[in-house]
Amino acid sequence: MSDKSKSLAKAEDAEHDYSAGLAVIAPDAVKDPGMEPHRVRMTDKSEAHEKRAARQVAALFLFSIVSSAFALYAYFAFPIVEGSNASVRDNTLLLGLGAAFGMLAIGIGAVHWAKTLMPDAEVSEARHQTRGSEETRARAIEIIDLANKESGFSRRKLIRRSLYGALAFFPLPGILVFADLGPNPEDSLKHTMWKKGTRLTRDPDGKPIKASDVTIGSVFHVIPEGLAELEHHKLEEKAKAAVLLVRVDPTILKESAERKDWSYDGIVAYSKICTHVGCPVALYEQQTHHLLCPCHQSTFDLTDACKVIFGPASRPLPQLPIAVDAEGYLVAQDDFNEPVGPSFWERSVNE
Amino acid sequence: MNNARRNPLAAILVILAGLLVSGGGYAVASNAVTSSTASEVSQETVDAGKKLFLANCASCHGSNAEGGNMGPSLIGVGAASVDFQVGTGRMPAQASGPQVMKKPVQFTEEQTAQLAAYVASLSPGPSIPSEEWVGESALASGDTSKGGELFRINCAMCHNAVGAGGALTDGKFAPRLEGVEAKHIYEAMVIGPQNMPVFNDSNLTPEDKRDIISYLKYVEANPSAGGEELGGLGPVAEGLFVWIFVLGGIVVITIWLGAKSN
C-alpha cells in the first residue's frame, strides 16, 4: 500500500470512530483481515504496456465511432421494403448491432481505461453509523417544534381537521377505480352458450355438423351455433363453450349408466378447456384415444369419460350431452352439467 | 330375320350385352366415386403392386392385406394411405416403437403407385389428391390467411403454429411440416395416419385443405422477421438461449468488471 493511501485510510478511520451505539457486538466477530498486499500493474511497471493500454482504449472508442457510423449506414443501405419480412429483419438487426456496439465499446473502453491507466490505490472506507449525533437529533426536534409554532398546526384546529379530512378523502377516487375490476361474474362462470337444441357448428365458420360427417377417428373443433355471429363478448363465450367432437368405435367407450345417452353412436363431445388452468386441450391421439393438454401435459382418456390419467389437472373434462335432431344435425341436449375450465373460488368441489 | 331371332345363340348374346352394359356402367360409376382423381389404373399395375406387396408388406399386413398381430388391415385404407406411408418412407416400418419414423423412401415412384393401385383395388378408399388441390397453381391460388386460421384451429396444437412440430405422450410426436410434399400433407389430413386424427372433406373441405397447405408453403418461403427462429419452438428454446448466452455474457462481463488489471 502506498503511503498516500495508508494515510487516507487512517484519516477515514479517525473520522468515523463512532461508538457501536445500540448494535450488538458479537464477541467472536470475524476479525478485519485488512488490505490485501498491493500488486503493481504491468502498466505501472512498463511504459510500453502503458502506451499499449492507452492505444487499446483509444481503439475501443474508435470502434464505437465506426459502429455508430455503421448503424447510420445500415439504416439507409438496408431499407425496409414493404411486404418483405426479411428486409425488416436485416434493417433492425444491423441498425441494432451497430448502435449496441457503439455503446458497448464506450463502456468497455471506459472500464479498461480505469482499470489499466487510472491510479489503482486501494482505499477502505469504513461504514459509518446511521444514528445521528446528539446535537443533530436535538436540532431536528427544535426545527419541528419551530415549524409547529410558526405554522400553528397544533393551535389552528379548523385547518388541522380540514386537512385530516382532505387526506382521508383524496385516496377515494383511486379506490373507486378498482370497481372496474368487476362486475362480479355472478354465475356466468357456471353457464355457457350451450342449451337444449343448440347445434354443434364448426369453428370458425359456424357450419352445422351432421352426425354422418363425423367419421371414425375424426376430430371437429366445435363452437355453439350463433357464436360466430355474436357482436359482444364473442371471445369470452368461445373461451367457455369451445368443444372437441370425436368419433370412436362405440364398443370401446366406457360409459356410466347416467351418461349412456350423452353420446351418439360413438360420437362424444367434451369441453376443450383444461380443468387445470384453462388451456385448450386439443391434442388428440387417434390410436390411444388420449387427449393431451399442451401447457402442462395433463392427459385425459377420451374413452373413459375424459378421466385424468396424467398431469396436474384434478377433474375430468366436462362432457357435453349430445343428440341428433330431425335433420340429422348434432345438437346439445343441455348445457354442461358442471362449470367448465379451472377451479375458481366459488366453485364447490362436488359441482 | 325370324330364324335369326329364334337362334338359341341370340339369347346368350342379349344376356352378354346386358351384362356388359350394366357391369361396365357400374365400373365407370364406382370408379368415378372411389377414385375420381386417380388416372385409369391397368390390371398390370395392380398385379405388379400385388407382387411388391407380397414381397415387402405381407409379412406384417397378411398376404391378402387382411392385417395381423404385427400390422393393421389395409382393406379400405385407399391409395392415399399407401402413397403417404410408402411415399414418405414410413413404410415398410424399420422397427416397432412409439411411432413409425420418416426415413429415406424405399420404393421408386412407380413402385409406390403400383402398391397404391393394388391396395386401392381391394376395396374403395381415399384416393391420391389431384393436382387440382395440391398442384403448384392450386397452392398459389390458395387463401393463406384463411389457411392460417384453419391451421391454428385444427392443427397448430400438435404441429405448432408455424408447423415446427411438437411432442405428444409417451415418445410420440407430431412431425415438423417444413419440406413435406403438398400431396403428403393433404393425404395425412384425409387418412389420419398413426395417431393423427382424420380431417374428412366435411370437416375441412378440399379448398380448406388447399388453403392450409398454401399457408404452410407461405411460412416456409418467408423467413422469420425476428431473425433466428431457434426451431420455431417458442419460449422454451428462446428462454434457454437467453439463460445460457445472455445471462452467461452478463456474468462474464461482471467478473471482468470486478477483476483487477494485470
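This is a predicted model: local features need pLDDT of at least 70, side-chain atom pairs count only at pLDDT 80 or more; totals for chains, interfaces and linings use all residues.
User: How many residues of domain 1 of chain B are in contact with domain 2 of chain B?

Analyst: In it, 17 residues of domain 1 of chain B touch 16 residues of domain 2 of chain B. Domain 1 covers 41–128, and domain 2 covers 129–224. Their centres, taken over C-alpha atoms, are separated by 23 Å.

User: What area do domain 1 of chain B and domain 2 of chain B bury between them?

Analyst: Start with the general idea. Interface size is often quoted as the accessible area lost when the parts come together. Here, the two domains of chain B bury about 1300 Å² between them. Of that area, 57% is on carbon and sulfur atoms. On the domain 1 side, the residues losing the most area to domain 2 of chain B are B:Phe84, B:Gln99 and B:Ile128. Together they make up 40% of what that side buries.

User: How many salt bridges cross the interface of domain 1 of chain B and domain 2 of chain B?

Analyst: The rule finds 1 salt bridge across that interface. As for side chains, those of B:Asp83 and B:Lys183 meet in a salt bridge, at 3.2 Å from N to O.

User: Now the chains. How many residues of chain B are in contact with chain A?

Analyst: The count is 33 residues of chain B, against 35 residues of chain A. Chain B and chain A bury about 3000 Å² between them. Carbon and sulfur atoms carry 53% of it. In chain B, B:Met157, B:Trp256 and B:Ser261 lose the most area to chain A. Together these three account for 18% of what the chain B side buries.

User: How many salt bridges are counted between chain B and chain A?

Analyst: There are 3 salt bridges between the two chains. A:Glu122 and B:Lys260 also deserve a look: their side chains meet in a salt bridge, with N to O at 2.9 Å.

User: On to cysteines. Which residues form a disulfide?

Analyst: The general idea: a disulfide is a covalent bond joining the sulfur atoms of two cysteines. Over all chains, the structure holds 1 disulfide. A:Cys279 and A:Cys295 form it, with sulfur atoms 2.1 Å apart. The link is left-handed, with -100° about the S-S bond.

User: Where in the chain do A:Cys279 and A:Cys295 sit?

Analyst: They are 16 residues apart, and the pair links distant parts of the chain. A:Cys279 is in the loop between strand S4 (267–271) and strand S5 (283–284) of chain A. A:Cys295 is in the loop between strand S6 (290–292) and strand S7 (299–301) of chain A.

User: Is A:Cys279 buried or exposed?

Analyst: A:Cys279 is buried, at 14% relative accessible area.

User: What feature does UniProt place at residues 265–331 of chain A?

Analyst: The UniProt record, an unreviewed entry, gives "domain: Rieske" for that span. In the model, residues 265–331 of chain A are 0% helix and 33% strand. The end C-alpha atoms of the span lie 14 Å apart.

Methods. Residues are numbered from 1 along each chain as its sequence is written. Chains are lettered from A and ligands numbered from 1 in the order in which they are written. Side-chain values use heavy atoms; hydrogens and water are left out. A disulfide is a pair of cysteine sulfur atoms within 2.5 Å. Helices (H or I, at least four residues) and strands (E, at least two) are DSSP runs, numbered from the N terminus. Buried means under 20% relative accessible area, exposed over 50%, partly exposed in between (1.4 Å probe, protein chains only). UniProt positions are given in the numbering used here, feature names are shortened, and annotations may be inferred rather than shown by experiment. Domain bounds come from an automatic or database domain assignment. Contact means heavy atoms within 4.5 Å. Buried area is the accessible area (1.4 Å probe) that two parts lose on being put together, summed over both. A salt bridge is a side-chain nitrogen of Lys or Arg within 4 Å of a carboxyl oxygen of Asp or Glu.
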